[in-house]
Amino acid sequence: YQFNDEKTADFYMRRDEGRFNYFYKLITEGVANVFKEIESFHHYHTFFHFNVGNNKVPDVCERWQSDREFGRQFLQGHHPTAIRRVENRLPENFPLTDDDVRTVLGRKVTIQEEIDAGRVYIVDCKSIVGIATAPGRYVTPAMGLFYVNAADNFVPLAIQLEQQPGPHNLIWTPADSMNDWLLAKMWLRCADAQIHQINSHLLMTHLAIEPFGVSMYRNLPRVHPIFKLLCPHLRYTMAINTIGRLKLVGENGLADQVLSIGKGGHVDFIKRCYSNFDFRRLNLPDELAERRVDDADALPGYYYRDDALLLWEAIRDFVSDIVAVYYKSDDDVRRDDEIQEWIGEVHRIGLPQHGLDGEVDHHVPAKFDAIDEFVETLTAVAFTSSVEHAAQNFGQYDYYAFYPNAPMTMRQPPPHKRGTATTKTIIETIGGTDQVSMQLLTVWLLATKSRDEIYIGEFPDEHFSDPEAKAAIARFLAKLEKIETHIKERNEGLKVPYTYLLPSEVPKSIAV
């Protein structure tokens, strides 16, 4: 469960290499240019290309300002679980009218008609209400409304920067000036980044899965079939989380340097998110249904959903096949004291029932009474450790690296009047070269895979020797091969391929 010497060396080499390259260029190549004030969005391009050198330049650099790209990123980008279908009517605290968006809808319909047709979606950042920001930084609990237009594009309708409506909390739309609307989109991006980094990525993958690994090592012998099943999915998770507590969310860590809610607010936000943590959200089909994004006809182009469901089903079938080899009945599960202690310890100690407001049921099973519940829990752990983490983590460089596309901090208060945003005020709001470089370095570290990564379809350690278990592995690999082919064929017709959940690109465990 610790990094081996090669993994440790690789992690720190990548960190130090990133810092070295940046400071080497500052000193030897570009002092005059780098320390020059950023005065236009073109300067962000120049500074970005200067920093990345031979590394990949994300495609978003060329189209980041367009509404179609803004919507596409919320649907197909680095934070795939941010969107939720609007049910029945708009939230009362988002008083958008038909007149506000008449020129945006593009067809003679009302907002309510679009809601009834299942074409209106929301990104609601209300979970950060009241969370403190670092000195000199700002964030708002913004709300963004999106809809599927006649061309099946997912595009923004309106953005409100605060939760409570009022004369100083304007609703911004594409009908506003170009700079006003661009700045509103950046505020929504910034709010979403706090939630993505702290809740969707850190808590819902890294921290939610760690207790299952700790309990596994404490309660399951290495010869136990469930140890053999889960061990590859929990490889390095405790090690990377230990580093994360020090270097990511610890004092003066990366969160302090790149997030608006750094310097303590991020810790309070972790506590708030854990108070609301529900283990059932790690069940992909249930989670999609709860957000009402499971209808492919109503929401086309949601490739995270499409690809993740294929992988969920393949993993569930594989887990079910392995369990069937060693457990023939519900009684077999109930009588396995080691398995009962494994899940019992996660329930009692690893993810205990407490929150900011007292006892909270996180719906982690206290025991297993049936094979079905056993299989669902194992599937959720294996899926979250591999597929969900890949979806939440490995798109970070593509979308955060070019800073204006998704700034993680704001340096000026939000606007309250129309017509006040200019290129100059936008740049003053999102920050200059220091912030740009730190965010770039952070996401490069987080999204770079290790040289010794083990992927979901790889079984380098032959934990299982039983013929039936080996046959189950063979069936699983065949399904992954079909999924790989399906995704690649689909991607051939896409302007922006969705590659994060190609089985060949999904690490088996949370190791970065």
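Which residue lies over the face of Phe394? Select Phe394 and look above its ring: Lys449 is there, at 4.3 Å from the ring centre. A charge counts as sitting over a ring if NZ of Lys or CZ of Arg is within 6 Å of the ring centre and within 35 degrees of the ring normal.

Before going on, note that this is a predicted model, in which local features need pLDDT of at least 70 and side-chain atom pairs count only at pLDDT 80 or more, while totals for chains, interfaces and linings use all residues. Residues are numbered from 1 along each chain as its sequence is written, and side-chain values use heavy atoms, with hydrogens and water left out.

**Stop 1: the sheet**

Select strands E1 to E5. Helices (H or I, at least four residues) and strands (E, at least two) are DSSP runs, numbered from the N terminus. The 5 strands form an open antiparallel sheet in the order E1-E2-E3-E4-E5. Strand E1 (84–85) and strand E5 (171–172) stand at the edges with a single partner strand each, so one side of each has no neighbour in the sheet. Two strands pair if DSSP finds at least two bridges between them. Strands of a sheet pair through backbone hydrogen bonds, either parallel or antiparallel.

Now select E3, residues 143–148. Of its 6 residues, 6 are buried, where buried means under 20% relative accessible area, exposed over 50%, and partly exposed in between (1.4 Å probe, protein chains only). Which residues of E3 point the other way from Met143, Leu145 and Tyr147? They are Gly144, Phe146 and Val148. In a regular strand the side chains alternate between the two faces of the sheet.

- E2 (residues 120–124) pairs with E3 in the antiparallel sense over 5 bridges, and Tyr121 has Phe146 as its bridge partner in E3.
- E4 (residues 154–160) pairs with E3 in the antiparallel sense over 6 bridges, and Phe146 has Pro156 as its bridge partner in E4.
- E5 pairs with E4 in the antiparallel sense over 2 bridges, with Gln160 opposite Ile171.

Follow the chain from E3 to E4. This hairpin has 5 residues between the strands, and Asp152 takes a positive phi near 65° there. Most residues other than glycine have a negative phi.

**Stop 2**

The structure holds 23 aromatic pairs. Select Tyr121 and Phe154, which form a tilted pair, 5.8 Å centre to centre with 55° between the planes. Tyr121 is in strand E2 and Phe154 in strand E4, 33 residues apart, and the pair links distant parts of the chain. Rings of Phe, Tyr and Trp (its six-membered ring) pair if their centres lie within 6.5 Å; planes under 30 degrees apart count as stacked, over 60 as edge-to-face and the rest as tilted. Tyr121 and Phe154 are both buried, and Phe146 is buried too.

For another charge over a ring, select Trp172: Arg418 lies over its face, at 5.2 Å from the ring centre.

**Stop 3: helix H7**

Select residues 178–219, which are helix H7. H7 has 42 residues and reaches 59 Å from its first C-alpha to its last, close to the expected 62 Å. The expected span is 1.5 Å times one less than the number of residues. Where does H7 bend? The bend is at Leu202, by about 50°, taken as the angle between axes fitted to the seven residues ending there and the seven starting there. Of the 42 residues in H7, 37 are buried.

Then select Phe212, Phe279, Tyr327, Trp342, Phe368 and Phe374, which form one aromatic cluster.

**Stop 4**

Select His233, in the loop between helix H8 (225–230) and helix H9 (237–247). Is His233 buried or exposed? His233 counts as buried because its relative accessibility is 6%. Leaving out residues up to four places away in sequence, His233 touches residues including Ala382, Lys508 and Ser509; contact means heavy atoms within 4.5 Å. The C-alpha atoms of His233 and Ile456 are separated by 8.5 Å, although these residues are 223 residues apart along the chain.

Move to Ser509, in the segment after helix H20 (467–491). Ser509 is buried, at 4% relative accessibility. Leaving aside neighbours within four places in sequence, its contacts include Pro232, Arg235 and Glu453.
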